[in-house]
Amino acid sequence: MTDRHHEWQALVQSWEAELGPETLTQARYRLRMRVLRFGLNLVTASVLAALWLFTGWAVALRDALQANASWVRTWLYILLLSALSGVLTFPLTWWFEFRVEQRLGMMRQSFWGWLLDQLKQGALSLLIQSLWLSGLYVVFRRWPDRWLLGVSLGVLLFLAVFYLLQPLFLRLRYKAEPFNDPELRAQLEDLFARAGVPFGGLAVLRVGEKTARATAALVPHGAGTRVVLFDTLLEALSPRAVVAVVAHELGHKVHRDMLKLMALFAVALIAALSVGYKVLVALGDWDGLEGPTDVATLPLLWLILAWLGAGLQILFNAFSRRQEFAADAYALTLTQDPEALEEAFRVLARLNKALPQPPLWVERLLDSHPSLARRVWALRQRAASVGSRGAGGG
Ligand SMILES: [Zn+2]
């Protein structure tokens with residue numbers, strides 16, 4: 001055992017001790033549920049595809065609706081099949097998004113309040129998804145030779161719309177409330193100025209009545225960038241730590257991490273759809289199906305996307321964890337305040353019931369963020385090396 005190894009273990013243990021036995025038990029439970037959900041998603045996608053295809057219902061519904069006759073009928077078919085799948089998988093959604101949160105003490109909504117939000121959000125994503133999926137089948141039909149170009153353009157359009165609608169998704173669920181802390185506001189404006197990012201205002205979302213989760217985000221607003229803070233974050237953190245969190249988000253902004261992730265996502269989605277198309281060509285005339293132009297192949301396409309998506313997620317997470325380390329480093333440089341960053345990590349770990357260090361395979365499989373212990377470790381190493389360099393140079 002090296003000194004570094006001991007030091008690392010001491011760090012993890014001290015963090016676990018700080019969380020306390022109750023929160024630690026909850027964090028372990030949350031971890032088990034996340035792993036379970038990852039596995040169940042794949043199982044569900046497989047069972048649903050089998051259900052629609054082996055019973056012949058996918059084909060029967062297509063014939064009943066004459067779903068390939070026009071794009072509106074295709075869209076209706078997708079809408080119906082998606083809604084039915086949503087209803088069938090509702091018990092899982094309820095378990096993982098309501099019951100588990102409730103057991104963790106993070107859910108502050110009643111079942112009916114939660115259900116209403118779920119329906120609103122579900123309707124919006126159903127609309128967006130069904131529109132782009134029907135667009136996909138239209139492209140497969142109209143441009144059998146050049147579908148890849150059409151699909152690529154479609155994917156880019158879809159991502160652009162999604163990016164622009166992002167603030168709307170938040171607004172749909174949470175109300176905004178005024179921000180009454182001129183001092184913190186001035187500090188944040190100063191931070192933006194030092195980062196060279198135009199300040200586009202500040203919004204606080206009242207999430208505390210619905211969930212205990214806390215986070216911050218930067219969203220495009222006019223020509224500038226707007227800070228969106230959860231009220232839970234403002235309650236839990238000192239102003240110094242809030243500044244550190246926003247500095248971390250500015251790191252993402254300055255590094256253009258969102259754009260890079262979306263570009264990577266676009267490439268991955270286009271690649272996955274290409275594989276999907278090939279499979280639909282190969283298997284698409286099976287038992288009443290009529291190849292890639294037939295919307296009754298949708299369950300098959302979903303299945304392919306679910307399994308490829310799970311594989312790609314692992315790749316994405318690795319990329320994203322590197323971005324998180326880089327944003328932490330940026331925040332440290334910008335604020336010169338390692339204690340504030342550590343405070344933020346510590347409080348967020350407690351609020352979001354995150355294990356300081358989950359098993360490595362879980363982190364690789366599921367986590368878009370490095371473990372909190374590794375983030376603190378990296379932070380301390382960096383602060384120490386900057387400190388010693390400063391001391392040596394005078
Ligand atoms: Zn981040």
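**Note on a predicted model with a zinc site**

1. The zinc ion is held by His248 (NE2), His252 (NE2), Glu324 (OE) and Glu324 (OE), at 2.0 to 2.8 Å. Donors here are N, O and S atoms within 2.8 Å of the metal (3.2 Å for Na, K and Ca), and water is not among the atoms, so sites may look incomplete. Along the sequence, the donor residues of the zinc ion follow the spacing H-x3-H-x71-E.

2. The model is predicted: local features need pLDDT of at least 70, side-chain atom pairs count only at pLDDT 80 or more, and totals for chains, interfaces and linings use all residues. Residues are numbered from 1 along each chain as its sequence is written, and side-chain values use heavy atoms, with hydrogens and water left out.

3. What arrangement do the 4 donor atoms around the zinc ion have? The arrangement is irregular, because the angles subtended by the donor atoms run from 51 to 138°. Four donors count as tetrahedral if all angles lie between 85 and 135 degrees; four count as square planar and six as octahedral if opposite donors are over 155 degrees apart and all others between 65 and 115; anything else is irregular. For orientation, the ideal angle for four tetrahedral donors is 109.5 degrees.

4. His248 and His252 are 4 residues apart in helix α9 (residues 239-254), so about one helical turn separates them. Helices (H or I, at least four residues) and strands (E, at least two) are DSSP runs, numbered from the N terminus. His248 counts as buried at 7% relative accessibility, and His252 counts as buried at 13%. Buried means under 20% relative accessible area, exposed over 50%, and partly exposed in between (1.4 Å probe, protein chains only).

5. On aromatic residues, a search of the whole structure finds 13 aromatic pairs. One of them joins Phe98 and Trp114, a tilted pair with 5.2 Å centre to centre and 40° between the planes. This pair links distant parts of the chain: Phe98 lies in helix α4 (residues 90-103) and Trp114 in helix α5 (residues 111-142), 16 residues apart. Phe98 is buried at 4% relative accessibility, and Trp114 is buried at 1%. Rings of Phe, Tyr and Trp (its six-membered ring) pair if their centres lie within 6.5 Å; planes under 30 degrees apart count as stacked, over 60 as edge-to-face and the rest as tilted. Phe98 and Trp114 also belong to one aromatic cluster with Phe90, Phe111 and Trp112.

6. Is Phe199 buried or partly exposed? Phe199 is partly exposed, with a relative accessible area of 24%, while Phe192 is buried at 0%.

7. Helix α5 also holds Asp117 and Leu124. Asp117 is buried, with a relative accessible area of 6%. Leaving aside neighbours within four places in sequence, Asp117 is in contact with Gln109, Arg173 and Lys210. Contact means heavy atoms within 4.5 Å. Leu124 and Pro21 are 103 residues apart in sequence, and their C-alpha atoms are 40 Å apart in space.

8. Strand β3 (residues 216-221) and strand β4 (residues 224-230) pair in the antiparallel sense over 6 bridges. Two strands pair if DSSP finds at least two bridges between them. Ala217 has Val228 in β4 as its bridge partner. The hairpin of β3 and β4 has 2 residues between the strands, and Gly222 takes a positive phi near 60° there.

9. Two residues other than glycine also have a positive phi. Gln66 has a phi near 45° and sits in the loop between α2 (57-65) and α3 (71-88). Lys353 has a phi near 50° and is found in the loop between α12 (338-351) and α13 (360-366). Lys353 counts as buried at 13% relative accessibility. As background, most residues other than glycine have a negative phi.

10. The domain assignment gives domain 1 (15-177 + 250-384) and domain 2 (182-249); such bounds come from an automatic or database domain assignment. The C-alpha centres of domain 1 and domain 2 lie 25 Å apart. Their contact takes 40 residues from domain 1 and 38 residues from domain 2.
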